[in-house]
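Please look at the sequence and the structure shown here. The paragraphs after it start from a single residue and then widen to the chains.

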Amino acid sequence: MPKVTIAQNILAANDTIAQEIQRSLAVCGIRTINIMSSPGAGKTTLLERTIERLRGQLGIGVIEGDVETSADAERIEAAGAETVQINTRGACHLEAHMIRDALAEIELARIELLFVENIGNLGCPAAWNLEEDTRVVVVSTTEGDDKPAKYPQMFAASGVMIVNKLDLLPYVDYDVEKVKRHALAINPHLRIFEMSCRTGAGLDAWCDWLLNFAAEKDEQREA
Amino acid sequence: MHELAIAQSIVEIVETRAAECHATRVKGVRLRIGEAIGIVTDSLTFCFEMLTSFDPTLAGAELLIDTVPHQARCHHCAKEFPVVNFIVLCPTCGEWSSEVVSGTELQILEMEIESSKE
């Protein structure tokens with residue numbers, strides 16, 4: 001019986017859309033960040049605080065992913081960024097076609113940095129390629145310090161890790177150094193920021209890094 | 001992982017290619033799946049069989065899965081080593097700088113068909 005060679009990635013349909021998105025955003029000079037975490041780690045608060053600090057210096061757009069409600073998009077819009085809400089109504093991760101549809105509603109000419117706030121989930125989002133320029137995984141001190149060990153794919157696939165809610169350290173059993181050690185054992189190139197989005201501690205370093213990241217052009221990125 | 005969504009993607013790809021080469025039956029589909037992807041192969045096979053059970057071209061097609069080990073190559077000593085629990089420490093020289101060389105594949109390689117030309 002004849003064999004027919006296929007030699008194709010199974011998720012090629014998603015990847016093709018993701019690559020088209022990346023090309024069209026790169027042409028506009030827009031850098032993209034995919035933010036992931038478990039529910040409640042502080043992604044939306046991180047974006048609120050970031051936008052409040054940087055909105056005068058950087059055009060920021062946000063694609064906000066949630067299973068239900070527009071509550072997070074409302075918060076981010078109030079902070080001063082153009083925002084589109086995606087409600088997946090059940091899907092636990094964002095896929096490239098959802099991003100493509102959301103981008104049609106954003107005034108791209110005003111944007112230099114696009115955040116995609118993914119669904120609260122430390123598992124599936126890591127497997128779905130959005131061709132973002134970098135991925136940020138947020139962990140918080142109230143989640144237990146074993147998250148890199150339990151969800152290694154997420155940390156292996158990220159460029160940045162944020163450890164949030166440092167202000168709550170006196171009230172929880174959480175070893176920040178253990179989290180950093182294990183995350184770096186999985187991904188030695190991970191850039192790590194420690195902060196409290198509530199008090200503002202550590203946000204300066206993150207915002208400085210973001211400004212440099214947004215300014216990187218294609219030729220620097222390929223180097 | 002989403003074994004059902006992945007099975008659906010496999011079915012879509014196979015259906016398209018089967019139509020292109022005028023296959024009357026698809027007897028088997030071979031996949032290459034890396035350990036690092038975290039797919040439960042029994043679940044994937046179950047979902048594939050469920051999705052294809054009433055399809056006249058695909059019903060009974062066997063899913064064959066080649067599993068690829070999670071391996072990295074050390075930048076310092078150039079030795080390849082198995083990556084266990086995603087920890088990328090080189091067991092030969094103890095350095096932390098390496099690149100993953102296999103284990104992240106999620107590919108459909110080939111299918112075996114019956115053709116009306118036979």
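M50(B) counts as partly exposed because its relative accessibility is 41%; the class lies between buried, under 20% relative accessible area, and exposed, over 50%, using a 1.4 Å probe and protein chains only. This is a predicted model, in which local features need pLDDT of at least 70, side-chain atom pairs count only at pLDDT 80 or more, and totals for chains, interfaces and linings use all residues. Residues are numbered from 1 along each chain as its sequence is written, chains are lettered from A and ligands numbered from 1 in the order in which they are written, and side-chain values use heavy atoms, without hydrogens and water.

M50(B) sits in helix α2 of chain B, which covers residues 41-52. Helices (H or I, at least four residues) and strands (E, at least two) are DSSP runs, numbered from the N terminus. Between M50(B) and I33(B) there are 17 residues of separation in sequence and 20 Å in space, taken from C-alpha to C-alpha.

Chain B as a whole has 2 helices and 6 strands. Their order along the sequence is α-β-α-β-β-β-β-β. The C-alpha trace of chain B spans about 55 × 25 × 15 Å along its principal axes. How does the radius of gyration of chain B stand against that of a compact globule of 118 residues? The globule would be near 13 Å, but chain B has 18 Å. The radius is taken over C-alpha atoms, and the globule rule is 2.2 Å times the number of residues to the power 0.38. Of the 118 residues in chain B, 40% are buried.

Chain A gives another picture. Its secondary structure consists of 9 helices and 8 strands, and its C-alpha trace spans about 65 × 45 × 40 Å along the principal axes. For chain A, the radius of gyration of 18 Å agrees with the globule rule, because a compact globule of 223 residues would have one near 17 Å. Buried residues account for 52% of the 223 residues in chain A.

The two chains also meet. Chain B brings 28 residues to the contact and chain A brings 23 residues, where contact means heavy atoms within 4.5 Å. Together the chains bury about 2,400 Å², 67% of it on carbon and sulfur atoms. In chain B, H2(B), R17(B) and F86(B) lose the most area to chain A, together 22% of what that side buries. Buried area is the accessible area (1.4 Å probe) that two parts lose on being put together, summed over both.
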